[in-house]
Amino acid sequence: MPGLVYIVDDDASFRTAVERRLKLAGYEVEKYSSAETLLDRLQGSEKPGCVLLDVRMPGLNGLELQSRLIELHSILPVIFVTGHADIPTTVRAIRAGAEDLLIKPVSSEQLIDAIERALAHHESARSQRSKIDTILALLAKLTPRERQVFDLIVRGKINKQVASELGTTERTVKAHRHEVMEKMQVHSLARLVSIAERLGLIDPNENSGS
C-alpha cells in the first residue's frame with residue numbers, strides 16, 4: 001500500500017536510517033527534526049499517510065504534537081517510535097488514539113506492519129470524512145425553513161406536529177418535507193434519520209414522537 005510517512009524525531013541518524021528502510025519498501029518519506037516543522041508542513045495539506053513520532057523532543061514533545069493534530073482535526077494516524085516508553089506515556093498515547101507505540105530499536109518488520117495498519121485506517125477515515133463532507137454539502141442547500149422541518153421530522157414528529165410547532169399548515173409541511181428529501185437525496189425517513197444520527201444531530205437512543 002503506497003503512502004507518505006512523516007518521520008518526526010530529533011535524532012538525525014534515526015531519521016536517516018528509517019528513511020532508507022522505508023524508501024526501500026516503496027514508501028514516500030518526509031523527515032522533520034521537530035514537531036513544529038511538521039505542523040508548518042501540514043497546514044492546508046494532508047496527503048494519505050501516517051506519522052512516525054518520537055516521544056521526547058525539544059520544543060513540542062510527541063504527546064503534545066499528537067494533541068495538536070487532534071485539535072487541528074487531522075486524521076493522520078500516529079505511530080510512536082521511542083526509547084522512552086513508560087506506562088503513563090503509553091496509556092496516554094493509546095487513549096489519545098495512537099495507532100501503535102514501538103520501542104527502539106525497532107525491526108523493519110515491526111515498523112512496516114504498523115505502517116500498513118495505519119495507512120489502512122487512514123484510508124478508511126478519509127473515506128468516511130469524504131462521505132460526511134458530501135452530506136454536509138447537501139444539508140447546506142436546505143433553506144432555513146427546510147432545515148427546521150428536517151430537525152423536527154428526524155426526531156419523529158409527524159406533519160401535524162411539525163405544522164403546529166412552526167405555525168404553518170400540514171400542506172406546507174408536506175411540501176417542505178418533499179424538498180428536504182429531494183435535496184438530501186434520500187427516499188425514506190429512515191435514511192434521513194440515519195444521516196442525522198451520523199452527523200451527531202440526534203442521539204440514536206433519543207425517543208421519537210412527541
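This is a predicted model: local features need pLDDT of at least 70, side-chain atom pairs count only at pLDDT 80 or more; totals for chains, interfaces and linings use all residues.
Helix H1 passes helix H5 in a right-handed crossing.

H1 covers residues 12-24 and H5 covers residues 108-139; their axes come within 11 Å and cross at roughly 70°. An angle of 65 to 115 degrees counts as roughly perpendicular, and H1 and H5 are therefore roughly perpendicular to each other. Where do they touch? On the H1 side you will find Val 18, Arg 21 and Leu 22, which meet Ser 108, Leu 111, Ile 112 and Ile 115 in H5. By type, the residues of this contact of H1 with H5 are 5 nonpolar, 1 polar and 1 charged.

Now turn to the sheet. It is open and has 5 strands in the order S2-S1-S3-S4-S5, with parallel pairing. Strand S2 (28-32) and strand S5 (100-103) form the edges, each pairing on one side only. From one strand to the next, the twist averages 20°. Strand S1 (residues 4-8) runs parallel to S2, and 5 bridges join the two. Within that pair, Ile 7 stands opposite Lys 31 in S2.

Two helices that lie across strands of the sheet are set out here, H3 being residues 62-71, S3 residues 49-53 and S4 residues 78-82.

| Helix | Strands it lies across | Angle to one strand |
|---|---|---|
| H3 | S1, S3 and S4 | about 175° to S4 |
| H5 | S1, S3, S4 and S5 | about 135° to S3 |

Technical notes. Residues are numbered from 1 along each chain as its sequence is written. Side-chain values use heavy atoms; hydrogens and water are left out. Axes are lines fitted to C-alpha atoms, for helices over the stretch in contact, and angles run from 0 to 180 degrees between N-to-C directions. Helices (H or I, at least four residues) and strands (E, at least two) are DSSP runs, numbered from the N terminus. Angles under 35 degrees count as roughly parallel, over 145 as roughly antiparallel, 65 to 115 as roughly perpendicular and the rest as oblique. A crossing is left-handed if the near helix is turned anticlockwise from the far one by less than a right angle, and right-handed if clockwise. Contact means heavy atoms within 4.5 Å. Ala, Val, Leu, Ile, Met, Phe, Trp, Tyr, Cys and Pro count as nonpolar, Asp, Glu, Lys and Arg as charged, and the others, Gly among them, as polar. Two strands pair if DSSP finds at least two bridges between them.
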